[in-house]
Amino acid sequence: MTRVHIEGVSKSYDAHPVLHALDLMVDAGYFFTLLGPSGCGKTTLLRLIAGLLDPDAGDIRFDGESVLSRPPEGRNIGMVFQQHVLFPHMTVEENVAFGLRMRGTGIREARPKVNEVLEMVQLAGYNRRFPRQLSGGQQQRVALARAVVVDPVLLLLDEPLSNLDARLRDDMRALLRSVQRSLGITTICVTHDQTEAIELSDRMAVMFDGKIAQEGSPAELFEQPVSAMVAEFLGSTNLLPARLLDRSHAETSLGPVHVRSCPDQLYAAQEDVLLNIRCEHIAILPAVEDAEAPSLARLAGNHVAAEVVSSVYRGGLVFYRMNVDGTPLSVIDRSDRQFVPGARVVLRIPPEHVSVIRDDARTFSS
Ligand SMILES: Nc1ncnc2c1ncn2[C@@H]1O[C@H](COP(=O)(O)OP(=O)(O)OP(=O)(O)O)[C@@H](O)[C@H]1O
Ligand SMILES: [Mg+2]
């Protein structure tokens, strides 16, 4: 297992800067996911780690040792890219054995190891097929087998599941995780898909414009994003302008809201902030008779009277737009019931799910 340390790495293409003194540490054996919008430099970073590109500045270390002077083949990295480029004229077995053959292993000698990894990716017995005789998901599993057969110290995955349909992606995601766990390989995976990132990762980072905006556990990023951009990139959230009253209360257009304890540096600055409330954390209480009196409901503390503006059912979830006395709130409800537009409800906003973030005035829109 290898610890990867990226230290102040910068990279430009033709004087166009893509990575800016980027720092990142990936601990040994971790499944680490990089999320970020198109063009922010994710593939560039993977290519630098793999040695397919050289950084303009900074260092890349494996277990403390710089690898910059090593060519790609000297870094012992397994890679799976978005376009699973199998050799079309080679069988599954030949494709998987390729890395071993390059190291001088004969096909006969390689066979037990090839069979072992094919079994791991649930393709035992597919040795003699050609890529054209496989489904997209099967080709992707061959690509994974080919990447891990050489016992790499590091696995780099660039959107490995993006070509698959939703169901296959779920299966492949579970398979990826179990292969990574059983081999204990440090893995850096690039994805656009937040669900994928949460399910797979021990740690993750959101990247914008060639810089890491935030790094942490999936729960940390979702529960305590450092900026509006990170919060919005992670999807489905409400960002409410607010002014801090004290460490755990803020004034908003909904009235005073009880928040999770505010980080010291934000509290000290006494600045205008945003309250981040993820849509799935707002609870809808059954409609009550006196919900007509929003000002009364407000006083109950993080309970507000709301009117349903729209509701859309999407596979086990209902997506609502609510109106709270002129303030729009989006809510995602996991329930069989569905309130119709015009219905009056009470929303409960649990203080532990209200995080305070800096109002960086720049929000991400995809
Ligand atoms: N070989 C190259 N020459 C010049 N510019 C490049 C080259 N490769 C990438 N770029 C530019 O560098 C930036 C970062 O590209 P990169 O491929 O790392 O983005 P990415 O985050 O992987 O995006 P995506 O999510 O779309 O794959 C982009 O603006 C891209 O146009
Ligand atoms: Mg890319």
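**Largest pocket.** I began with the lining of the largest pocket, where strand S6 gives the most, four residues. The model I am reading is predicted. S6 covers 77–80, and H2 and H4 also supply at least two lining residues each. I noted a pocket volume of about 670 Å³. The lining counts 21 residues, and Ile-77, Gly-78, Met-79, Phe-98 and Gly-99 come closest to the centre. I sorted the lining by class: 14 nonpolar, four polar and three charged.

**Second largest pocket.** Here I found a volume of about 250 Å³. Of its 13 lining residues, Gln-194, Thr-195, Ile-198, Arg-278 and Glu-280 are the closest to the centre. Helix H6 (residues 194–200) provides the largest share, four residues. By class I get five nonpolar, four polar and four charged.

**Cores.** Which residues touch the most other members of the largest nonpolar core? They are Val-96, Leu-118 and Leu-144, in a core of 33 residues. H2 (92–102), H3 (107–120), H4 (136–148), S7 (154–158) and H5 (166–183) each supply at least two residues. H4 gives the largest share of this core, six. I then checked Leu-118: leaving out residues up to four places away in sequence, it touches Val-92, Val-96, Leu-123, Ala-124, Asn-127 and Ala-145. Another core, of 29 residues, lies apart; its members include Leu-240, Ala-250, Leu-254 and Phe-339.

**Sheet.** I traced four strands in an open antiparallel sheet, ordered S2-S1-S4-S5. S2 (16–26) and S5 (65–66) are the edges, each pairing on one side only. S1 (residues 4–13) meets S4 (residues 57–62) over five antiparallel bridges. Opposite His-5 I find Arg-61 of S4.

Technical notes: Residues numbered from 1 in each chain as written. Chains lettered and ligands numbered in written order. Predicted model: local features only at pLDDT ≥ 70, side-chain atom pairs only at ≥ 80, totals over all residues. Heavy atoms only, no water. Pairing = 2+ DSSP bridges. Core = buried A, V, L, I, M, F, W, Y, C linked by side-chain atoms within 4.5 Å. Buried < 20%, exposed > 50% of the residue type's maximum accessible area, 1.4 Å probe, protein only. Contact = heavy atoms within 4.5 Å. 1 Å grid on protein atoms, 1.4 Å probe; cavity = no way out; pocket = protein on both sides within 12 Å on 5 of 7 lines; lining within 4 Å. Points joined across faces, edges and corners; volume = space filled by probe spheres on them. Nonpolar A, V, L, I, M, F, W, Y, C, P; charged D, E, K, R; others polar.
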